[in-house]
Amino acid sequence: RSPEYKLGTFELRKPLAMEFDFDVGRALGLPTPSTSSSAPSVAKVDDANLSHPRWGQGLRELLDAVGERSKRAQGLGKAVTSGRGSLGDCRVYLMFSGHVVMG
């Protein structure tokens, strides 16, 4: 059975999430959790994160992947969320746990 993330009355199964080869929280500059809890976190992505020398490229690719999946799920002609260019006035939040992004 796939790992689940419980959020109130909702459950997200891991196949609905996307896994990346880096710790998303660390890339966003968050402290590493002291426990191995699988509870998801939510954090804001900003332009400083996307321009970071070590993590920026991975975060830009992550936003492209999330945007593409969202585009398909909503039946849109093009992705709204993208890692290209500046975020400007847009606010982007990610729900993640370690290397796994839920949205």
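Contact here means heavy atoms within 4.5 Å. By that rule, among contacts in the chain between residues at least 6 apart in sequence, 64% join residues at least 24 apart. The model is predicted: local features need pLDDT of at least 70, side-chain atom pairs count only at pLDDT 80 or more, and totals for chains, interfaces and linings use all residues. Residues are numbered from 1 along each chain as its sequence is written, and side-chain values use heavy atoms, with hydrogens and water left out.

Start with the elements. Helices (H or I, at least four residues) and strands (E, at least two) are DSSP runs, numbered from the N terminus. The chain has three helices and six strands. Their order from the N terminus is β-β-β-α-β-α-α-β-β.

Next, the surface. Accessible areas come from the Shrake-Rupley method with a 1.4 Å probe; for residues, only the protein chains shown count as cover. The chain exposes about 6,800 Å², and carbon and sulfur atoms supply 51% of that area. A residue is buried under 20% relative accessible area, exposed over 50%, and partly exposed in between (1.4 Å probe, protein chains only). Buried residues account for 30% of the 103 residues.

Now the sheet. Two strands pair if DSSP finds at least two bridges between them. Four strands make an open sheet, in the order 3-6-5-4, with antiparallel pairing. Strand 3 and strand 4 are the edge strands, each pairing on one side only.

Strand 4 covers residues 41-45 and strand 5 covers residues 92-97. Five bridges hold this pair in the antiparallel sense. A43 has L94 of strand 5 as its bridge partner. K44 stands opposite Y93 in strand 5. In a regular strand the side chains alternate between the two faces of the sheet.

On to strand 6, residues 100-101. Two bridges join strand 6 to strand 5, and the two run antiparallel. F96 faces V101 of strand 6 across the pairing, standing opposite that residue. The hairpin of strand 5 and strand 6 has two residues between the strands. In that hairpin G98 takes a positive phi near 65°.

Turn to helix 3, residues 56-74. This helix has 19 residues and reaches 27 Å from its first C-alpha to its last. That is close to the expected 27 Å, where the expected span is 1.5 Å times one less than the number of residues. G75 follows the helix, with a positive phi near 65°.

Which residues of helix 3 are buried? They are G56, G58, L59, L62, L63, V66, G67 and K71. An α-helix has 3.6 residues a turn, so residues three or four places apart point the same way. The cover over the buried residues of helix 3 includes strand 3 (18-19), helix 1 (24-27), strand 4, helix 2 (47-50), strand 5 and strand 6.

K71 lies in helix 3. It counts as buried because its relative accessible area is 19%. Leaving out residues up to four places away in sequence, K71 touches L76, G77, K78 and A79.

Next comes the core. A nonpolar core is a set of buried Ala, Val, Leu, Ile, Met, Phe, Trp, Tyr and Cys residues joined through side-chain atoms within 4.5 Å. The largest nonpolar core has 19 residues, of which F22, V24, V45, L62, L63, L94 and V101 touch the most other members. Helix 1, strand 4, helix 3 and strand 5 each give two or more residues to this core. Helix 3 gives the most, with four residues. In soluble globular proteins, nonpolar side chains tend to be buried together.

Not counting residues up to four places away in sequence, F22 touches A27, W55, G58, L59, L62, G98 and H99.

Last, the loop between helix 3 and strand 5. L87 is found there. L87 is buried, with a relative accessible area of 10%. Beyond its neighbours within four places in sequence, L87 is in contact with V45, D46, D47, L50, L63, S82 and V92. L87 and V45 are 42 residues apart along the chain, yet their C-alpha atoms are separated by 8.8 Å.

R91 is in the loop between helix 3 and strand 5 too. Is R91 buried or exposed? R91 counts as exposed, because its relative accessibility is 64%.
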